[in-house]
Amino acid sequence: MRIVALLLVLAFACAPSAVAGEARLERMEATPKGWQGPVFAPRLDYPALPGDDAYPWQAISFRREPERYLRALLDYALEGQDRAHWRLAANPVRRWYHVPWLGPGANGREFVHGLTRGRDLAPGELGPGQTACRQTWAIAFYNELGGVILGRIWGRGDRTPDLSALPFAVGTVAVKLVFTEASAADDPRLAGAPEVEANIHVDARPGDSTCAPSVGAGGRASARTPRLLRLLQFDVAVREERASYKTGWVYGSFVYDGRLPGADPWAKLKPVGLMWGNDPQLSDEAAARGAAPKQSIVFEGPFGRGGRMNGIADERSSACSSCHMAAQWPTAAAMTPPAAWPVARCWFRNLDARYTFGFPPGVGRGCSDPAALKKISPLDFSLQLAIALRNWSDETVKDKAVRAPFGTMRRKGDQLFVNGIESVRLKR
Ligand code: HEC
């Protein structure tokens, strides 16, 4: 009885900070007064342990039957989903979770469907019909295995994140949907694409070669307005036992193609390809001479460097697992490699979750400096986690140093230092 009473007292004593913590995890732009449409709520009720789930792709070889492997993942990602609004909690089949702390910042979550701004599509990237710059906005989520780890990292938002909870378990799946303001007039593939409404940046000069900046004059976030966006790209990332001798992840992507026959738009996602390694040996020069990657299988494009796997909306000088390998805390290196191959090769090593990307070339002893292993924590390829940690730090580290299990954080003006290493802002 006494213990129960004590527990009750403790529960009440803990409750306010836990509630405040949860509100911090969810922080994002306000819903305008009078808004009648849907409003985004992140799913952050992480499970302590995973429930029963089947992972059908594990019975398929991603090398020998890449298309069948990708289809199995797509079916898994789509099953039971609310495909109109992507409310994860409405899925009766399987639980999926969001990463917290993606609301703040000029590119942070918008209030309608929780989309964050991604890389712009420069004129012509979608084809000759696209004459103006087009914004892209995305939403991503993790399956239950991923949710368990996210819960261990963030708790209920009332303590410093615990990065020792990583890596993600084999079977973890992350899914990302990329929507664009482009339409079938820009690219006939977008005809009949699934749509969502999202509060995106207002372009003062629509129709020209630049998109609305996310930060305007005076450093203030640009105005936003609700617009209808169309599905362009559907990404999957899977923690794979069989890829553990390379990076531990398989990345795959689909492009929406409305020219395909049939009435179901979700059957019109065409596989672009997949990759399980960065092909460290494949230099730009070798690729120009006709050498092809061996750790990518590509059906559409290629959209990645040296013919490596990448998405239609992604940075061409990079590749899926190359960019994601830069996920570390602090973010000591940019996500995208420079043009010159001798330095770019740092971004095309095959590292797994035990190793951090490390320093960029030119800092310390570059990307192979072992000092980085002590000062930098790997984020197991999750770039959403890297952005979330930056947003959390921006709100948490003010004028005093903050000590966390992964190191000491300090601020100097707009710069953030972790263990004395500057955390650069990630730019796509
Ligand atoms: C040049 C960098 C870059 C490239 C290339 C890239 N991504 Fe990402 N990706 C990001 C960033 C930044 C985020 C986090 C922000 C967001 O969600 O939009 C992200 C998020 C994701 C997520 C959500 C989970 C996570 O890791 O944060 C998935 C899944 C994903 N990407 C898959 C892919 C796939 C598949 C490819 C290749 C087809 C790809 N990405 C290529 C930068 C990149």
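The legends below describe close-up views of a predicted model. Local features are reported at pLDDT of at least 70 and side-chain atom pairs only at pLDDT 80 or more, whereas totals for chains, interfaces and linings use all residues. Residue numbers start from 1 along each chain as its sequence is written.

**View 1. Residues around the ligand.**
The shell around the ligand holds 30 residues, of which A140, G311, C320, C323 and Q384 come nearest; a residue is counted as near if its C-beta atom, placed from the backbone, lies within 6 Å of the molecule. Two or more residues each are given to this shell by β3 (136-143), β4 (173-180), β6 (224-239), β7 (249-256), α5 (320-324) and α8 (383-396). Helices (H or I, at least four residues) and strands (E, at least two) are DSSP runs, numbered from the N terminus. By residue class the shell divides into 14 nonpolar, eleven polar and five charged. Here Ala, Val, Leu, Ile, Met, Phe, Trp, Tyr, Cys and Pro count as nonpolar, Asp, Glu, Lys and Arg as charged, and the others, Gly among them, as polar.

**View 2. Helix α8 and its surroundings.**
α8 has 14 residues, and the distance from its first C-alpha to its last is 20 Å, close to the 20 Å expected at 1.5 Å a residue; the expected span is 1.5 Å times one less than the number of residues. Ten of the 14 residues are buried, so α8 is largely enclosed by the rest of the structure. A residue is buried if 20 or more other C-beta atoms lie within 10 Å of its own, exposed if 12 or fewer, and partly exposed in between, with C-beta atoms placed from the backbone. The buried set is L383, Q384, L385, A386, I387, A388, L389, R390, W392 and S393. Among the elements that cover these residues are β3, α5, β10 (328-329), β13 (407-412) and β14 (415-418).

**View 3. The buried side of helix α2.**
The 13 residues of α2 (residues 66-78) should span 18 Å at 1.5 Å a residue, and the end C-alpha atoms are 18 Å apart, which agrees. P66, Y69, L70, L73, L74, Y76 and A77 are the buried residues in α2. They cover an arc of only 160° around the axis, which puts them on the same side of α2; the arc is that of the directions from the helix axis to the C-beta atoms. The cover over the buried residues of α2 includes β4, β6, β7, β8 (269-275) and β9 (296-298). Just after the helix, G80 takes a positive phi of about 75°.

**View 4**
Four strands form an open sheet in the order β12-β13-β14-β15, with antiparallel pairing; two strands pair if DSSP finds at least two bridges between them. β12 (402-404) and β15 (421-422) stand at the edges with a single partner strand each, so one side of each is left without a neighbour in the sheet. The antiparallel strands β12 and β13 are joined by three bridges, and A404 stands opposite G407 in β13. Elsewhere, β5 and β6 pair in the antiparallel sense over seven bridges, with I200 opposite T225 in β6. Five of the seven residues of β5 (residues 195-201) are buried, and the strand is mostly covered.

**View 4. Surroundings of Y256.**
Y256 is in strand β7 and counts as buried, with 27 C-beta neighbours inside 10 Å. Leaving aside neighbours within four places in sequence, Y256 is in contact with R189, L190, A193, L231, L232, K268 and L269; contact means that the C-beta atoms, placed from the backbone, lie within 7 Å. Y256 and E65 are 191 residues apart in sequence and 21 Å apart in space, C-alpha to C-alpha.

The peptide bond between L166 and P167 is cis, with omega about 5°, and P167 is in the loop between α3 (144-154) and β4. W329 and P330 are also joined by a cis peptide bond, with omega about 0°; P330 is found in the loop between β10 and α6 (341-344). W101, not a glycine, has a positive phi of about 65°. Its loop lies between β1 (96-97) and β2 (116-117), and W101 counts as buried with 30 C-beta neighbours inside 10 Å. F381, a residue other than glycine, has a positive phi near 70°. F381 is in the loop between β11 (377-378) and α8 and is buried, with 28 other C-beta atoms within 10 Å.

Note on methods: Contact = placed C-beta atoms within 7 Å.
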